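Subject: Structure for you to look at

Hello,

Here is the structure I said I would pass on. Please open it first and then read the notes below.

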Number of protein chains: 2
Amino acid sequence: MQNPILNHIQKFINLEPSEIDLLESCLAISQIKRKEHVLQEGQICNTMYFIVKGCMRQYIINSKGTEQTLQFGVENWWITDYLSYHNHIPSHFYIQAVETSDVIAIEKSVLDSILIQIPKLEKYFRIVAQKAFGAAQMRIKFLFTMSAEERYNHFKNQQPDFVQRVPQYMLASYLDFSAEFMSKIRAGKV
Amino acid sequence: MQNPILNHIQKFINLEPSEIDLLESCLAISQIKRKEHVLQEGQICNTMYFIVKGCMRQYIINSKGTEQTLQFGVENWWITDYLSYHNHIPSHFYIQAVETSDVIAIEKSVLDSILIQIPKLEKYFRIVAQKAFGAAQMRIKFLFTMSAEERYNHFKNQQPDFVQRVPQYMLASYLDFSAEFMSKIRAGKV
DNA sequence: GTAATTTCTTGAAGTAGTTCAAGTTTTTGA
DNA sequence: TCAAAAACTTGAACTACTTCAAGAAATTAC
């Protein structure tokens with residue numbers, strides 16, 4: 001059974017057998033235990049993570065000491081801090097496993113070398129990044145135009161299973177309201 | 001004098017003279033008058049715009065009929081709706097010139113063909129999209145962690161000239177507060 | 001140059017959310 | 001299996017912002 005990342009890549013580009021071999025040889029799956037961090041605030045992020053199985057999140061700790069989740073990643077998503085990655089500057093974010101997860105961690109030096117050997121992969125990463133940016137724009141639209149309750153209901157309609165999968169306080173902060181208010185929304189007390 | 005987009009591209013990749021010629025022949029600058037739209041809500045976006053000179057914005061009209069700016073673009077920025085562009089679905093956004101602007105408009109069919117002829121350009125668009133996504137993540141962080149006044153001051157410190165360049169009500173909506181509140185922040189009445 | 005339009009300002013009243021604190025329930029891991 | 005830790009709930013008090021309405025100032029375009 002081949003590396004699951006290859007299925008994802010081949011949704012966007014076609015790979016030659018030799019290219020598949022090269023990727024198989026470079027890309028190993030590793031397990032990140034629940035609550036384990038792969039990036040801490042202040043570190044320079046020089047790794048991209050492809051999530052094979054599980055759930056990761058990017059979060060910050062705000063001035064009141066509360067965690068706020070900026071991004072979740074599940075199966076077939078990439079997660080990293082692209083700004084730290086590209087500019088070699090300390091990250092503003094934590095990246096952590098929400099569930100014990102299988103990921104493919106690719107260091108920048110390795111990826112740069114793979115991209116030179118298989119230039120075709122540039123297209124894959126271009127499309128992944130462009131779609132992610134498009135999704136971020138929609139996320140900002142929802143944050144701007146919907147009330148807290150509307151954001152919760154919209155998210156629940158779009159991702160009914162995911163709502164069960166993560167602690168409510170993480171989802172509340174992702175939707176930009178407090179854990180207490182989430183409780184009241186769910187109880188119909190708003 | 002060569003097409004200004006070439007300077008931007010060559011910050012990230014090296015182009016051969018023949019590739020420069022090809023790009024010069026495909027890419028023309030057009031002028032978008034102030035307030036003119038290049039994308040309306042509901043249209044399918046099949047063009048990317050590179051801003052040579054001027055200022056564009058992406059915005060929505062919310063349920064109260066008020067415009068809310070999600071993104072500004074200035075010199076050397078790309079602006080488009082990537083989700084509509086990639087998925088061929090109707091856009092949620094308007095894209096409009098804030099100032100009369102010079103842009104290079106590239107249709108998807110043309111760009112796809114250029115990318116086949118100059119695969120190296122994939123890297124350029126990959127990096128542009130990854131950096132844009134990184135910037136969007138930071139934007140969400142600021143929206144989550146700062147008060148309205150902090151967001152205004154932070155933006156003013158980062159982009160002092162830009163604050164003068166656009167109507168305050170547009171900047172207010174970009175920073176996610178009302179035009180009236182912007183007025184009070186600036187007057188020190190908060 | 002001036003009318004028309006757009007943008008900015010101000011105060012008063014209202015509200016969608018937060019914060020706090022304490023108790024309850026659920027989940028985790030040895 | 002059970003103690004400890006993590007997650008969820010509730011109500012009361014509070015606040016950072018919005019909304020509205022009306023007038024003033026600045027900018028645009030013929």
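A polar contact is a pair of N or O atoms within 3.5 Å. Keep that cut-off in mind for the notes on DNA. Please also keep in mind that this is a predicted model.

DNA strand C

A polar side-chain atom of Tyr169(B) lies 3.0 Å from a phosphate oxygen of DNA strand C, and this makes a polar contact because the limit is 3.5 Å. Lys64(A) also has a polar side-chain atom beside a phosphate oxygen of DNA strand C, at 2.6 Å.

In total, 18 residues surround DNA strand C. The closest are Lys64(A) and Ser178(A) from one chain, and Gln168(B), Ser183(B) and Lys189(B) from the other. Sorted by class, this surface has eight charged, six nonpolar and four polar residues. Which parts of DNA strand C supply the atoms within 4 Å of the protein? Sugar or phosphate accounts for 71% of them, and bases for the rest.

DNA strand D

DNA strand D has 19 residues around it, and the closest are Gln168(A), Tyr169(A), Ser183(A), Lys189(A) and Lys64(B). Of the atoms of DNA strand D that come within 4 Å of the protein, 70% belong to sugar and phosphate. The surface near DNA strand D is made up of nine charged, six nonpolar and four polar residues. Three helices each give at least two residues to that surface: H8 (168-174) and H9 (179-186) of chain A, and H9 (179-186) of chain B.

Gln168(A) uses a backbone N or O atom, which lies 2.9 Å from a phosphate oxygen of DNA strand D. Ser178(B) has a polar side-chain atom 3.0 Å from a phosphate oxygen of DNA strand D. Lys184(A) has a side-chain N or O atom 3.2 Å from a base nitrogen of DNA strand D.

How the two protein chains are related

Two residues show contacts across the chains. Gln130(A) is in helix H5 of chain A. Is Gln130(A) buried or exposed? Gln130(A) has a relative accessible area of 1%, so it is buried. Leaving out residues up to four places away in sequence, Gln130(A) touches Tyr82(B), His86(B), Phe125(B) and Ala129(B).

Lys131(B) is in helix H5 (residues 121-145) of chain B. Lys131(B) is partly exposed, with a relative accessible area of 29%. Apart from neighbours within four places in sequence, Lys131(B) is in contact with Leu83(A), His86(A) and Asn87(A), and with Phe12(B).

Aromatic residues

There are 23 aromatic pairs over all chains. One of them is Trp78(A) with Tyr124(A): the ring centres are 6.5 Å apart and the planes are at 65°, so the pair is edge-to-face. The pair joins distant parts of the chain, since Trp78(A) is in strand S6 (residues 78-79) and Tyr124(A) is in helix H5 (residues 121-145), 46 residues apart. Trp78(A) counts as buried at 9% relative accessibility, and Tyr124(A) counts as buried at 0%. Trp78(A) and Tyr124(A) also belong to an aromatic cluster with Phe12(A), Phe50(A) and Phe125(A).

Leu22(B) is in helix H2 (residues 17-26) of chain B. Leu22(B) is partly exposed, with a relative accessible area of 21%. Beyond its neighbours within four places in sequence, Leu22(B) is in contact with Gln117(B) and Ile118(B). Leu22(B) and Ser63(B) are 41 residues apart in sequence, and their C-alpha atoms are 45 Å apart in space.

Regards

Notes: Residues numbered from 1 in each chain as written. Chains lettered and ligands numbered in written order. Predicted model: local features only at pLDDT ≥ 70, side-chain atom pairs only at ≥ 80, totals over all residues. Heavy atoms only, no water. Near = heavy atom within 4 Å. Polar contact = N/O pair within 3.5 Å; in protein donor to acceptor, adjacent residues only side chain to side chain. Helix = DSSP H or I, 4+ residues; strand = E, 2+ residues; numbered from the N terminus. Nonpolar A, V, L, I, M, F, W, Y, C, P; charged D, E, K, R; others polar. Phe/Tyr/Trp six-rings, centres within 6.5 Å; stacked < 30°, edge-to-face > 60°. Buried < 20%, exposed > 50% of the residue type's maximum accessible area, 1.4 Å probe, protein only. Contact = heavy atoms within 4.5 Å.
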